[in-house]
Amino acid sequence: MVVSRIGSTGLAAGLAALLALTACGAGGGDSDKPTDGSASGAPIIIGMDEDSTGPGASYSTIAGKTIRLAVQDINDKGGVLGRPLRLVVENDESDPTKVPAVLQKLSGQGAKALLLQSGSAAIMQAKSTLTQLKLPAIAPTGVTATLVEPPNNELIYMLANTTADWAEVYCGAFKAANISRLGVLTDDTTTIAALNKSLLGGLSCVTVVATEKGAANASDLSAQVARLKNANPDAVLVTSVGGAFEVLAQNTLARQFSGKPRFSLASIGNQPSSWKLANAGALKGLIFMGSINSENPRTQALTKLLKEKNGDDYEVTAYDAQAWDSVQLLKLAIEKAGGPDDPAKLNAAIQGITGYQAAFGQGNFTLSFSATKHLGADGLCGLSLIEFGDDNKPKGPWSTFQPPCSG
């Protein structure tokens, strides 16, 4: 699909339709609701707070679909300790004010552990509620370090490298590419506001010469891009939750700022539905923060499974891999704890997981937790910088710089 004018309402409507289809395929209907498979006995209930209609839907529905598939796969193989996993789902729309009620509802439905698949601001609000409920939780696609930092972090965990690690990788990239002046184009969501505070604060290696903001539902970013161009940065970084805003931003930058290096977050690389809405060649040369490495044998195995389930044209993303690993980590913890019913034992079991070989990152990337380490990532091996090709699809690792597998 080629959109000649990104500012039209047709783009937003088209992306909304694609996301709606994704949400339906992600378990919005009974057809994708996991069954007990070959498992028997009393079910183990896992609660998922999934933003399927708010600003985080563009990535949460992708992860949510694979969470359901992972639960089904476990149940088809006999469950956990012979018991089936049962998934109960509520939607907070990435609205922090709705989080306490959503988590209370999941707890009331018998959830023994939670998956927080929502925006960062909403997950931040969840921390105090988790303490009250005494339920451990994993944020599968969380990347903001404050999500797992004190206070109220005793029961919350996340997998992927944080924005602090991203800043280190971006700085390595900027140094390698001789970039010292950076322009930033950002959306106005609360999720990105929290991310920007952490990420941009860590980019001491460059001078941010201009920051322009647009509404998440903007239909035109020409003025913002023109002001960025006037500031004469060496490169532009787009920070957004993805979706229509990201496509609008990249189309506008490609048209008005041709030849200028462009960087982005993980969002665009993990949202294949958005690639289809970009103008022809508009994503060419765009570099994003990625976590999928085709040489990782666990990634290869997961890719094979997801293509068998979703079709050969399915584009596997980091959201898929992190969602898959989150369910596997809960399975391991329940087994270590001897069951799900003692939340203190279950929480301690999560903290006892070390050296878990992840389905994302480089081949030797692992996840480990402890009482003082609630961020699973062991080093920078979970990250890669990926470049888009002529066909508006990721073509592979960026040749100029890749993060070292250390630190």
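User: What should I know about the model before we start?

Analyst: It's a predicted model, where local features need pLDDT of at least 70, side-chain atom pairs count only at pLDDT 80 or more, and totals for chains, interfaces and linings use all residues. Residues are numbered from 1 along each chain as its sequence is written, and side-chain values use heavy atoms, with hydrogens and water left out.

User: OK, how many helices and strands are there?

Analyst: The protein has 13 helices and 14 strands. Those are DSSP runs numbered from the N terminus: helices are H or I with at least four residues, strands are E with at least two.

User: And how compact is the protein?

Analyst: As compact as a globular protein of that length, because its radius of gyration is 20 Å, close to the 22 Å that the globule rule gives for 407 residues. The radius is taken over C-alpha atoms, and the rule is 2.2 Å times the number of residues to the power 0.38. Along its principal axes, the C-alpha trace spans about 65 × 40 × 40 Å.

User: What share of the residues is buried?

Analyst: Buried residues make up 57% of the 407. Buried means under 20% relative accessible area, exposed means over 50%, and partly exposed is in between (1.4 Å probe, protein chains only).

User: Let's go inside. How many cavities of 30 Å³ or more are there?

Analyst: Three. A cavity is a set of points on a 1 Å grid over the protein atoms alone where a 1.4 Å probe fits but cannot get out, and lining residues have an atom within 4 Å of a point. Grid points are joined across faces, edges and corners, and a volume is the space filled by probe spheres set on the points.

User: What volume does the largest cavity have, and what lines it?

Analyst: The largest cavity comes to about 290 Å³. It is lined by 26 residues, and the closest to its centre are T141, V143, W166, S267 and Y319.

User: Changing topic: where is the cis peptide bond?

Analyst: Between P150 and P151, with omega about 5°. P151 is in the loop between β4 (137–139) and β5 (156–158).

User: Which non-glycine residues have a positive phi?

Analyst: Among them are K134, at about 60°, and N232, near 55°. As background, most residues other than glycine have a negative phi, and most peptide bonds are trans. K134 is in the loop between α4 and β4, and N232 is in the loop between α7 (222–231) and β8 (235–239).

User: Is K134 buried or exposed?

Analyst: K134 is exposed, with a relative accessible area of 54%.

User: How about T61, buried or exposed?

Analyst: T61 is buried, at a relative accessible area of 1%. It's in helix α2 (residues 57–76).

User: Last one: what does N91 touch?

Analyst: Not counting residues up to four places away in sequence, N91 touches D49, E50, D51, S52, T53 and V102. N91 itself is in the loop between β2 (85–90) and α3 (99–108), and it's partly exposed, with a relative accessible area of 26%.

Note on methods
1 Å grid on protein atoms, 1.4 Å probe; cavity = no way out; pocket = protein on both sides within 12 Å on 5 of 7 lines; lining within 4 Å. Contact = heavy atoms within 4.5 Å.
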